[in-house]
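This report concerns a predicted model. It treats in turn a helix, the nonpolar cores and a loop residue.

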Amino acid sequence: MEGISVEQAMEQILQYTPVINETEEVELNKAGGRILAQDMVAEFNNPPFDRSPVDGYACKAEDLAGASSEHPVKLKVMEEVDAGQYSERVMESGQAVRIMTGAAIPKGCDCCIFQEDTDYGEETVEIYREVKQWDNYCFAGEDFKKGTTLLKKGTHIGYVEAAVLAGMGAAKVPVYRRPKVVLLTTGDEVVEPGNPLPAGKIYNSNMTMLSARMMELGIEPFYMEAVKDNPQVMAEKIKEIAEQADMIITTGGVSVGKKDIMHESIRLIDAERIFWRVNMKPGMPTLFSVYENASGGKVPVISLSGNPFGVAVTIELLIRPALEKMMQNPAIGLKEVTGVMADDFMKGIKGRRFIRAYWENGRFHLPNGLHSNGVLSSMAGCNCLIDTKTMEDKESKSLKTGDKVSAVWL
């Protein structure tokens, strides 16, 4: 299958993308970004006691009838209860207890009064306003009640969800395991950062880009290696690592040049070639295949071009949806944003093209610098990719200031 649309390519990849249902327990402080593997049900009321939302005094509302600055009500202060303390005393009429925010309200009290409405008394207290029954009073279970499902299976754990789990007393939580994603880059011309750069060589930015984006999406790459431009070497590496991988992503070697090894590598391991070439720029020569490992597992192999901007675009359009399905995490799915062009894009557009841009207040701003496939520096600071799909059947043209467009949010 060749020359398919972005949507068709995405559909094919998703068809062969496994859903990870294996689970594990992780410590709560390491669960951020993970996906819950079961419903989380409250085993107790929270708070587990009636508590005060103010610093002041707990007492009976009936004792404060008619209280004012001219006619204060005087109550006997029986004790002080701070947050974390609990009093067994049952308060009677004419009595009050000094109380702090978050402290358990003693039995017999049905309201709390702000300390600013008193004389701050310690043995007795004068109260200068009346309140109603249950004013400034937080009931047990106000946050959540025993038996309530607070977080459902499939919930993405963010900072709020982590705090809810902590409030439930969960030290460990059941989550789906992370995908084992393998990253392989090709190219005899690439050198790893930190090493001297010989003449004719370039640094391996694709590996860094792929691994950094995986981590942003909640995945720590399982295996990474730069492989020589040799189809047999690449074939053996895929066979070896596919025994443990959920997905393999390669860059480089997918076009028709002498060093484009991926077609031969895929043939050598008898992988099923699903499609090659997608009607998009950049990223057109994307190759997708499926390899059946020795255990009978079918491992998707997504082979991207070696052009840095092409890699960046294909990560967003084809790999993100696959990871969303694999991880059962809609938080990383594709999102669209619309607006109008704030600048002209004068480079000709023929077919479907994705253009780096910065969206703000409904307007798309283009970065300075070149917009070619081999240039990545001008993408720094961009937050979207303009999609020219509405021009797909038109001749080469440009985008003008004020044109309405849509984009994929990064």
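Which residues of helix 4 (residues 231-241) are buried?

## Helix 4

In this predicted model, the buried residues of helix 4 are Met 234, Ala 235, Lys 237, Ile 238 and Ile 241. These residues lie on the same side of helix 4, because they cover an arc of only 165 degrees around the axis.

The N-terminal end of helix 4 is capped by Asn 230, which places a side-chain oxygen 2.9 Å from the backbone nitrogen of Gln 232.

## Nonpolar cores

The largest nonpolar core has 41 residues, and the members that touch the most others are Met 214, Ile 249, Phe 275, Leu 317, Ile 319 and Leu 323. Elements that each supply at least two residues of this core include helix 1 (6-15), helix 3 (205-216), strand 15 and strand 16 (272-278). Helix 6 (308-327) gives the most, with 12 residues.

Not counting residues up to four places away in sequence, Leu 323 touches Val 181, Met 214, Leu 217, Ile 219, Met 247, Gln 328 and Ile 332. A second, separate core of 21 residues includes Val 227, Ala 242, Val 254 and Met 262.

## Gln 115

Gln 115 lies in the loop between strand 7 (111-114) and strand 8 (124-127). Its relative accessibility is 16%, so Gln 115 counts as buried.

The side chains of Gln 115 and Arg 98 are joined by a polar contact of 2.9 Å. Leaving aside neighbours within four places in sequence, Gln 115 is in contact with Asp 55, Gly 56, Arg 98 and Tyr 120.

Methods:
Residues are numbered from 1 along each chain as its sequence is written. This is a predicted model: local features need pLDDT of at least 70, side-chain atom pairs count only at pLDDT 80 or more; totals for chains, interfaces and linings use all residues. Side-chain values use heavy atoms; hydrogens and water are left out. Helices (H or I, at least four residues) and strands (E, at least two) are DSSP runs, numbered from the N terminus. Buried means under 20% relative accessible area, exposed over 50%, partly exposed in between (1.4 Å probe, protein chains only). A polar contact is a pair of N or O atoms within 3.5 Å; within protein, one must be able to donate a hydrogen and the other to accept it, and residues adjacent in sequence count only if both atoms are side-chain atoms. Contact means heavy atoms within 4.5 Å. The arc is that of the directions from the helix axis to the C-beta atoms. A nonpolar core is a set of buried Ala, Val, Leu, Ile, Met, Phe, Trp, Tyr and Cys residues joined through side-chain atoms within 4.5 Å.
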